[in-house]
Amino acid sequence: MNPFVYPTKSIRRHGPIGYLDYSSYRPWLRDEFEFRCVYCLRREQWGIGVRDFAIDHFLPVLAQPDADRNYLNLFYSCATCNLRKGSRRIDDPTAPEIASALTVFETGQILGTTPAARRLIRVLDLDGPASTEFRQMWISTIRLAALYDAPLFCRLLGYPEDIPDLSVLRPPGGNRRPEGIAESAFAKRQMSELPDAY
Ligand SMILES: [Zn+2]
């Protein structure tokens, strides 16, 4: 099971509005982006949790001041990708045409088949030796866990323990997509519908 397959279906299902501080969107973004970095697909489960993760302003705030607290402009990203991207502009990796143009091989190597996908790889240094080795290490580890250690496999590819209960959150401006809460990981876990691995 390759954990580095970029999801090609649109993932936005929540619509909280009105927090004054963009970091208040974090629980929504964790769920929205499935507890992993939108750019390199590193998972919370592989490190020390949410402290490794940042909230990325997809369009730089300097370019567009209201981009700061616009939920649709906030992406869940690991700290490394957040730093590498900085204020540079790249195409949205959740757009189906970009996601489907990014392929990670068992060797950890990544290939972009369109100019936009290649630019994303370049800006984030996803084809640098450290990134390639990182992916290769996790692909091998997960392959071994799948063969010899089912609980470990589920821990590495499953959801974190502390998934947020979005139903108790009250965004100050309301929620444009309240129906998304039933699709959240917490709601699915309550219904015993959350998969052991994803
Ligand atoms: Zn990342």
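In this predicted model, helix 5 (residues 129–148) packs against helix 6 (residues 150–157) at an angle of about 140°, the two axes lying 6 Å apart; axes are lines fitted to C-alpha atoms over the stretch in contact, and angles run from 0 to 180 degrees between N-to-C directions. The two helices are therefore oblique to each other, neither under 35 degrees (roughly parallel), over 145 (roughly antiparallel) nor 65 to 115 (roughly perpendicular). Contact, meaning heavy atoms within 4.5 Å, is made by W138, T141, I142, A145, A146 and Y148 of helix 5 and by A150, L152, F153, L156 and L157 of helix 6. By class, this contact comprises ten nonpolar residues, one polar residue and no charged residues.

Residues are numbered from 1 along each chain as its sequence is written. Local features need pLDDT of at least 70 and side-chain atom pairs pLDDT 80 or more, whereas totals for chains, interfaces and linings use all residues, and side-chain values use heavy atoms, without hydrogens and water.

A search of the whole structure finds one cavity of 30 Å³ or more, a cavity being a set of points on a 1 Å grid where a 1.4 Å probe fits but cannot get out. The largest cavity has a volume of about 90 Å³, and its lining (residues with an atom within 4 Å of a point) includes Y6, P7, E34, R36 and T94.

The largest pocket, an open set with protein on both sides within 12 Å along at least five of seven lines, has a volume of about 360 Å³. Of its 19 lining residues, P7, K9, E34, R36 and Y198 are the closest to its centre.

How values were computed:
Helices (H or I, at least four residues) and strands (E, at least two) are DSSP runs, numbered from the N terminus. Ala, Val, Leu, Ile, Met, Phe, Trp, Tyr, Cys and Pro count as nonpolar, Asp, Glu, Lys and Arg as charged, and the others, Gly among them, as polar. Grid points are joined across faces, edges and corners, and a volume is the space filled by probe spheres set on the points.
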